Amino acid sequence: MNGIPLSHILFLSTALFFIGTYGLFTRRNTITMLMSIELILNSVNINFVAFNKYLYPDKLEGVFFTLFIITIAAAEAAVAIAIIINLYRSHHSIDVEDTGEMKY
Amino acid sequence: MSASAIVFYCLAAFILGTGLLAVTTGKIFRSAIWLLFSLTGIAGLYFWLQMEFIAAVQIIVYVGGIVVLIIFSLFLTQASGKEMLRPAPGRVVFSALAVVAGFALTFLLIHQHIFLPVAKPALEASVSNIGLQMLSTTEHGYLLPFELASMLLLAAMIGCIVIAIKIKPAGK
Amino acid sequence: MSNYSYTAWILLLPLASFVILGLFGRRYIRTASGIIGTLAMLASTILSFYAAYSYFSSGSAIGSAVLSTAHPAILTGPAAFSATHGAYQSITALHYVWLPFSTGMSIDMGVILDPISVMMIVIVSFVSLMVHIFSLGYMKGEPRFGTYYAFLSLFTFSMLGLVVSGNIFQTYMFWEGVGVSSYLLIGFYFDKPSAVAAAKKAFIVTRFADLGFLVGILILSFYAGTLDFSTLIARLLPGSPYFAHITTASFLGISVLTWGLTLVFIGGAGKSAMFPLHIWLPDAMEGPTPVSALIHAATMVVAGVYLVARLFPLFALSDPGALQVVTWTGAFSALLAAVIACTQTDIKRVLAFSTMSQIGYMMFALGVSGYGGESGLGYMASMFHLFTHAFFKSLLFLGAGAIIHLVHSNEISDMGGLRKLMPVTHVCFLIACLAIAGIPPFSGFFSKEEILTAAWHSNKGVYTIGLLVSGLTAFYMFRLYFSIFWKKPVPSTAAHTTSSSPTGHGAPTSDHAAHGEGTLTMKVPLIILAACTVLAGFVPFSKWVTSDGAPLATHIDIVFSIAPVMLALIGIGVAAALYQKESGRPEKIAGVFGGFYRAAYRKFYIDELYLFVTKKIIFNGIGRPAAWIDKNIVDGLMNGVASVTAKISAAIKGFQSGKIQNYTLYFFAGIAGLAVLFIYLWK
């Protein structure tokens, strides 16, 4: 297509996915965990678009999926922020280590 | 190496670099800004792939909406400006190893697979095509998910309000 | 052939009596329970007499109508065993296959009538009836009257079931039933610790012997492939393939057949109080005296003799070695018991040892016997002695019960000069003593003479022992008689009038007035049994009960019987000289014997030996380690499992740390694992 084989784009999206995963495991802040989740979702978006462009150029399903994922991600981010704000009100901190009430 | 290849590699490096910085930096506000850059880079990638509509949606919704929302919440929780707490070193090492292992596994699979493109004439991803296709009731239409998505957004909106509302104590 | 199925009622009537009295006797019926029990027993006795009459008099019980063509041939092998010429056959009155293990081996319940079983049902029901009647007077005023009669009925039912069984396992089941009834009755006065201990001892010793019995049953039935008596005997006689099989197999150098028969005999020896399993019988006298009369004199203790008689063809023809064991055990027990009985001062214990001695007679009479015709004289004599012994021994015990009822003590020293106070008892007791001493024309003479004749023809050593024991028997029985009825008591405690309550040494001051000799219900059985003792000797026993069923003609050899009768008279004379009047001679003689006397008085310390072995060796050597293993190893293992589980769970619960990022890590690990599994390993 554009001279770039599909596997390069997939390399990009996979790397982005695992960067987001690393952030999810490591970050102690709930909001930064949310940011890492956004990175993961974006990597999936890249995947869909690339597959649509390279493998199925006559169809548009990849685009639709991407649009829907963006939409849902927005809604999810909003709800997550609301939860974080509620959590902040009770714990006065957004450190995820402080929310250990579900311990044995 | 053609110019578009160079553009792609620069974009890829930009996206990954800023993404990495977003998850490792110490200051939270900077992390949000690095995220912003990363998302913009992804929008650029969409432009490079000639999917202009998606790129526009990305910028409008993700960059202009979600990142702004995140920054608002950072201000609301008075966490900006302070140095963030570092995770335990053991956790860092372990997570890095797990992630690298996962990446290696996945990329191995991808590398071994042969992707065969469908040999059909390309359909341009213009706004009119997307609109006609998505909202058609026949011919691979996605009308129903579209409507459901709107209901989901309504529900999410109401849910956010309910979760985040502050009940005023009586008698005040 | 007439239908004998009514014989089921002989068993079922006592069983019904047990159930009714057991359920209702305590609270609702009370004193009427004695009447109910006695009536049931009366009906059962009438039926057994009728059954005996129709069995022994009907020609159909015999193969051919003519009695005189008796075939006294020595039977060798299964074919000859089923000879039908002029011999009483075994009749199956009832038969139910209860628990089939395989074709041929099953536990059957039924009623078999053959000469010895018919004899036994007559004896058991009749003596039980006498005891029932006697207990109406003896146990009057006892608060647990109904329970007592319930237990008596249970015992009678079990004993009857034992004797009529045609299946060795049915015998074993009723054997245990008899043991249980004995336990219940010995421990009837359960608030007396000595009675409880005696009941336990009886049950445990007999149970231990029954282990041998069970193993013997299993061995014999395994090799014969059946549990039915007649089939088992037929298969294990010499000449059959089963016999060859069982005699070639051996364990520790002794053939398996000998093991089987000896173990069965051990079971019988336990129940019959043969040395060394006799220790329970003297202590069993703690029970009420009518119980001793029924169980420990006439019926249960002869169960061992009955068992050997049942399996007699095997003992006599297949394995004479086991028969030798029987003989010498019987002879030795007879001698030992006679020696100990000479020293005892408790009336019931003297009678208990006397029982042991007489059963020894029965055992060695079986031992010296052969099978078939003239050589089967010992068998006939043993059964005859069983028959007569039932009468005079139960008479002795019931008489002792009447005496104890009057004097309120078991010790001889509390009695004396009672012949004026209780004339009826006196005469009956004297008759019984003469019978047991073997004085003609009482029944004991006839049966003992037959036994000694059989012993003389077979084994002179056993004959000598038998002769010596008969002399000792006369001596100690008349020692007892003279001490109770003749010896004048010490003047300060004289009780010659009927109005004052007797006060002997250690006798409790009774709060009820003197009741003389006892009620009518206590006298009538004594009189009936005395009559039986006199007349039973003239029953033509050898015509009916012999080793092979064919009638045997016997005669009394006057010359031969001079020796035992002379010895008996000498014994009586010595006893009269020592005990008729109060004198210091017995003590002087005891002093002469010194240590031997003391040992005999203490029953040769056999009880102490048993206690030593049990406490020091078995309890300490086996009981304590077993308890330790149970507490520390078995329980420890269980506790260990529990504590290990608790430790593992404590270690695992750290997974639920409440930290979200740990959860995401686990989640990721799971996904990665599943991905690998599905991509690479799923085929």
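**Chain A**

Select chain A: of its 104 residues, 64% are buried, where buried means under 20% relative accessible area, exposed over 50% and partly exposed in between (1.4 Å probe, protein chains only). This is a predicted model, in which local features need pLDDT of at least 70, side-chain atom pairs count only at pLDDT 80 or more, and totals for chains, interfaces and linings use all residues. Residues are numbered from 1 along each chain as its sequence is written, chains are lettered from A and ligands numbered from 1 in the order in which they are written, and side-chain values use heavy atoms, with hydrogens and water left out.

Chain A holds 3 helices and 0 strands; helices (H or I, at least four residues) and strands (E, at least two) are DSSP runs, numbered from the N terminus. Next, select His92(A), in the segment after α3 (61-91) of chain A. His92(A) is not a glycine, yet its phi is positive, at about 55°. With 60% relative accessibility, His92(A) counts as exposed.

**Chain B**

Move to Gln50(B), in the loop between α2 (28-48) and α3 (52-76) of chain B. Gln50(B) also has a positive phi, near 60°, and is partly exposed at a relative accessible area of 45%. Cys160(B), by contrast, is buried, at 12%.

**The hairpin of chain C**

Display strands β1 (residues 91-102) and β2 (residues 105-113) of chain C, which pair in the antiparallel sense over 9 bridges; two strands pair if DSSP finds at least two bridges between them. Ser102(C) has Met105(C) in β2(C) as its bridge partner. There are 2 residues between the strands of this hairpin, and Gly104(C) takes a positive phi near 105°.

**Two cis peptide bonds**

Select Phe275(C) and Pro276(C), whose peptide bond is cis with omega near -5°. Pro276(C) lies in the loop between α10 (256-271) and α11 (280-283) of chain C. Then select Pro440(C) and Pro441(C), joined by a cis peptide bond with omega of about 0°. Pro441(C) belongs to the loop between α18 (423-437) and α19 (443-458) of chain C.
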